[in-house]
Amino acid sequence: MCGPTLFMAGERWRCFLAPSRSSVFRVLNNSCCRKKSTTPKKITPNVTFCDENAKEPENALDKLFSSEQQASILHVLNTASTKELEAFRFLRGRRSLNIVKHRENFGPFQNLESLMNVRLFKYKSTVQVCNSILCPKTRGEKRKLPENRFLRKFLKPDIERERLKAVNSIISIVFGTRRIAWAHLDRKLTVLDWQQSDRWSLMKGTSYSSSVYLEEISSIISKMPKADFYVLEKTGLSIQNSSLFPILLHFHIMEAMLYVLLNKTFAQDGQHQVLSMNRNAVGKHFELMVGDSRTSGKELVKQFLSDSVLKADPRVFFPSDKIVRYRQMFLSTELQRVEELYDSLLQAVAFYELAVFD
């Protein structure tokens, strides 16, 4: 029986009476602390074990699950394909492959203990797998998270998936320091309207008059038709660069006013109608990113216009009665940097392909 402390090689080790799974305690326990607890050990499926390789009592798994539960687990392990096994928690990747390979080499599992003969399976992981098979609903709920997390990376605020799937038309809006552009597309990726306005007085001074912003933006919104959603471009400019502060202030004022005016004008049953879409996410979708910078989408839009005439099933469709006007509008901007016009169309296409059509 050891005392409360033990001195070894000039260092002080504290020997606790409570059990510990550290390697230091195991050495001390083997040498002097051999008192065993009289409290019976209780085994539950949700116990967290510190040592994955620790051996458990024989047939311990059979004591954790009823005969009906064992039968259900074994049925899944012996009949499910690799893809079906991966639907369960803790069975992704190599574990599901190892189960199928073990079945092929040694036949079906006769009991839960035999699962620990499979590579990558120890007692703790086997208990976790058995619990996940018995409770697939928990696994199913967690499978929704990656999709929601993916949407949250480029779309704000959070919108119910059902509303996105039911979209019939959207208006994509992109604004800069000298112009604003918008594209109206339906779910067949038909361009119903495509416009820009560059005759405004914003950013010509430093006063940032609210009345001027309100007048200019209200005039533009009055030309927009009704749609299911109004998607605004969210820029990735850093606020840490003080030289960009006037531009950032302009963008924030524009975004705030568009949110308020669009929701007030087109609100349906009190539901939110305005979303923000990350600019770089659109750039990545169309492979327009070079490092952290986004290149021009002009050539891609030019290709869309050509394909709409030359291909039977183009990615983006421009109606025959409007294609001439859109081509002329595009050609008139080729000598200028009218990225807002191109980006409004690209953002609309990316919204459908990423958020609506998966």
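Residues are numbered from 1 along each chain as its sequence is written, and side-chain values use heavy atoms, with hydrogens and water left out. In this predicted model, local features need pLDDT of at least 70 and side-chain atom pairs count only at pLDDT 80 or more, while totals for chains, interfaces and linings use all residues.

We begin with the hairpin. Strand S5, residues 180–186, pairs with S6 in the antiparallel sense over six bridges, where helices (H or I, at least four residues) and strands (E, at least two) are DSSP runs numbered from the N terminus, and two strands pair if DSSP finds at least two bridges between them. Ala183 stands opposite Trp194 in S6, and among the four residues between the strands, Leu189 takes a positive phi near 60°.

Asp193 also belongs to strand S6, which covers residues 191–197. Asp193 is buried without a salt bridge, and the nearest side chain of opposite charge, that of Arg325, is 4.0 Å away; here buried means under 20% relative accessible area, exposed over 50% and partly exposed in between, with a 1.4 Å probe and protein chains only. Lys and Arg count as positive and Asp and Glu as negative, while His and the chain ends are not counted. A salt bridge, in turn, is a side-chain nitrogen of Lys or Arg within 4 Å of a carboxyl oxygen of Asp or Glu.

The structure holds seven salt bridges. One of them joins Glu340 and Arg179, with the closest N and O atoms 3.2 Å apart. Because Glu340 lies in helix H14 and Arg179 in the loop between strand S4 (169–175) and S5, this pair ties together parts that are 161 residues apart in sequence, and both residues are buried.

With Glu233 its closest N and O atoms are 3.0 Å apart, and since Arg279 lies in helix H11 (residues 279–285) and Glu233 in strand S7 (residues 229–234), the pair ties together parts 46 residues apart in sequence. The side chain of Arg279 also meets that of Asp343 in a salt bridge of 2.8 Å, N to O, which links helix H11 to helix H14 across 64 residues. Asp343 is buried, with a relative accessible area of 4%. Through shared partners, salt bridges join Glu233, Arg279, Arg294 and Asp343 into one network.
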